[in-house]
Structure formats: C-alpha cells, structure tokens
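Me: I would like a close look at a single part of this model, taken slowly and with the terms spelled out as they come up.

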Amino acid sequence: MRIVPQRVGGIAWISEKCLESIIAEARRCFPLETGGVLMGYWTPTKVEVVITRSIGPGPASTHTESTFEPDTAYQQDQINRIYAESNRIYTYLGDWHSHPRLAEGLSPRDKRTLRMIATDRRARAPSPIVGILTKRHTWNLILWQGSIQRLTCRLVVTRLHLRRFL
Ligand SMILES: [Zn+2]
C-alpha cells in the first residue's frame, strides 16, 4: 500500500465585513442556494490568502434549493471595478456558495467547477478557492482550495484554516 502524505492546508484570512455580507446573502435566499465571488490576494509565499471583498450573485442570477446560476456579466463588471479600485491588488480568488441542505464538503459538481477554473488560463487562478456556507445552528463558512497535480492531472482539494480580521 502506498502511503499518501497528509496535505496541510494554508491559512485563509477573511474580513469580518466580507464574511457578514456572505452570511447576509445566504440568509436572504434561504432555503434556496446562492453564492458569489471572492476577491483579495495571496501572500508572496502562496501559503496564506487574504479575502478582502465578496461579490453577490447579481440581479439576473437564478436559484433553486440545490443549484444556483450567477449573473456572470454583473460579476465580471464588479471584478473589474474592484480590481481597478484596489490598484490591481485585489484579484479573483474563487467563488463561494451556500449549501442550504447539503454538507460542508464539495459536491461532484463543485469539484468539476473547481477543476474548470484551475485549468482555465483566463481565470488566472491556478489554485482557486471555494467557500461553502452551511447552516447548522448558525451559518458556517468552510474554505477549500483546489489545485491540479502535475503528473497525474488529478484535482487535489485541501481545506484551508479560516481566520478573521477586522
Ligand atoms: Zn456546492
């Protein structure tokens, strides 16, 4: 049997304001699914990621209890605006969405999306993150990071440690 080393996740910092707006959006749509975009920057070592902005689903998004389709034109406008306003520091990091009825893990569909983003050069996010917001007693954000293993082309998913900042 091969021994697969345990992967240790990095640290994701998220601003309180950003977390609050994500939770408010999840509440607004509950029991329907919703989501959006996460923006910010990676530290030079790529071990820590700082989430400074979140974008909602957009006015033309559609929502069901287990799926959601964002308004991508709206989101692209917001991404461009935030990128410009931050002097090109805050970039697209990945997405977030709620799992009103599901577990905190990634669904097969989530993994396919993650692989698509990781391999799409236009997204410029070879190691995209995805935030899953689940509801137990309170809303809880779990952050995952995907990357493509070079030799096997397999998608590797790692859970990040979440820290908040003001
Ligand atoms: Zn999902």
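Which residue in the turn of the hairpin that E8 and E9 form has a positive phi, and how many residues lie between the two strands?

Reply: The residue is Cys153, whose phi is positive at about 60°, and six residues lie between E8 and E9 in this hairpin. The model is a predicted one, in which local features need pLDDT of at least 70 and side-chain atom pairs count only at pLDDT 80 or more, while totals for chains, interfaces and linings use all residues. Residues are numbered from 1 along each chain as its sequence is written. Strands (E, at least two residues) and helices (H or I, at least four) are DSSP runs numbered from the N terminus, and two strands are said to pair if DSSP finds at least two bridges between them.

E8 and E9 run antiparallel and are joined by five bridges, and in one of these pairs Gly146 has Val157 in E9 as its bridge partner. E8, which covers residues 139-148, also pairs with strand E7 (residues 129-135), in the antiparallel sense and over seven bridges. E7 and E8 form a hairpin as well, with three residues between them; here Thr134 stands opposite Asn140 in E8, and Leu133 stands opposite Leu141 in E8.

These strands belong to an open sheet of eight strands with mixed pairing, in the order E9-E8-E7-E6-E2-E3-E1-E10. Strand E9 (155-159) and strand E10 (161-165) stand at its edges with a single partner strand each, so one side of each has no neighbour in the sheet. Neighbouring strands of this sheet are turned by 30° against each other on average, direction ignored, where the axes are lines fitted to C-alpha atoms and angles run from 0 to 180 degrees between N-to-C directions.

E7 and E8 are also among the elements that cover the buried residues of H1, together with strands including E1 (11-15) and E6 (91-99); contact here requires C-beta atoms, placed from the backbone, within 7 Å of each other. The buried residues of H1 are Cys18, Ile22, Glu25 and Ala26, whereas Glu16, Glu20, Ala24 and Arg28 are exposed on the other side of H1. A residue counts as buried if 20 or more other C-beta atoms lie within 10 Å of its own, as exposed if 12 or fewer do, and as partly exposed in between, with C-beta atoms placed from the backbone.

Terms used. Two residues are in contact if their C-beta atoms, placed from the backbone, lie within 7 Å.
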